[in-house]
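I opened this model to look up its helices, its surface and its aromatic rings. My notes follow in the order I made them.

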Amino acid sequence: MDIKSTKSYLYWLYCQFELITCSYLMEPWEKLLFYTFNITMLATALYTAYVFVSAHLCSAFQFFLHLFGNQHENTVSVVK
């Protein structure tokens, strides 16, 4: 892969991002605030997805195991 074409492509993506968000019209301090806010929101969303989605998947997996009759090993069956 050509490094120059990769660098050019990343710069093109950055320019597209600035055009879409109209951040090319902002002053440098406004860009700093805008990018800081966006990165903070992205990090918060990723952290929330990492913490809560995994917990929900674990709970759903346990529910479906229980639903289909598989019991935990520590569950004691009472047989008369």
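Entry 1, overall. I counted two helices and zero strands in the protein. Helices (H or I, at least four residues) and strands (E, at least two) are DSSP runs, numbered from the N terminus. I note that this is a predicted model, where local features need pLDDT of at least 70, side-chain atom pairs count only at pLDDT 80 or more, and totals for chains, interfaces and linings use all residues. Residues are numbered from 1 along each chain as its sequence is written, and side-chain values use heavy atoms, with hydrogens and water left out.

Buried means under 20% relative accessible area, exposed over 50%, and partly exposed in between (1.4 Å probe, protein chains only). The protein exposes about 7700 Å², and 71% of that is supplied by carbon and sulfur atoms. Accessible areas come from the Shrake-Rupley method with a 1.4 Å probe; for residues, only the protein chains shown count as cover.

I found four aromatic pairs in the structure. The rings of Y9 and W12 have centres 5.9 Å apart and planes at 20 degrees, so I wrote this pair down as stacked. Rings of Phe, Tyr and Trp (its six-membered ring) pair if their centres lie within 6.5 Å; planes under 30 degrees apart count as stacked, over 60 as edge-to-face and the rest as tilted. Y9 and W12 are three residues apart in helix 1 (residues 3-21), and therefore about one helical turn separates them. Y9 counts as partly exposed because its relative accessibility is 48%. W12 is partly exposed too, at 45%.

Next I checked F17 and Y35, whose ring centres are 5.9 Å apart with planes at 35 degrees, so the pair is tilted. F17 lies in helix 1 and Y35 in helix 2 (residues 28-67), so this pair ties together parts that are 18 residues apart in sequence. F17 has 35% relative accessibility and counts as partly exposed. I also noted that F17, F34 and Y35 form one aromatic cluster.

Which residues does the UniProt annotation "transmembrane region" cover? The unreviewed entry gives residues 32-53. UniProt positions are given in the numbering used here, feature names are shortened, and annotations may be inferred rather than shown by experiment. Over residues 32-53 I read 100% helix and 0% strand, with the end C-alpha atoms 31 Å apart.
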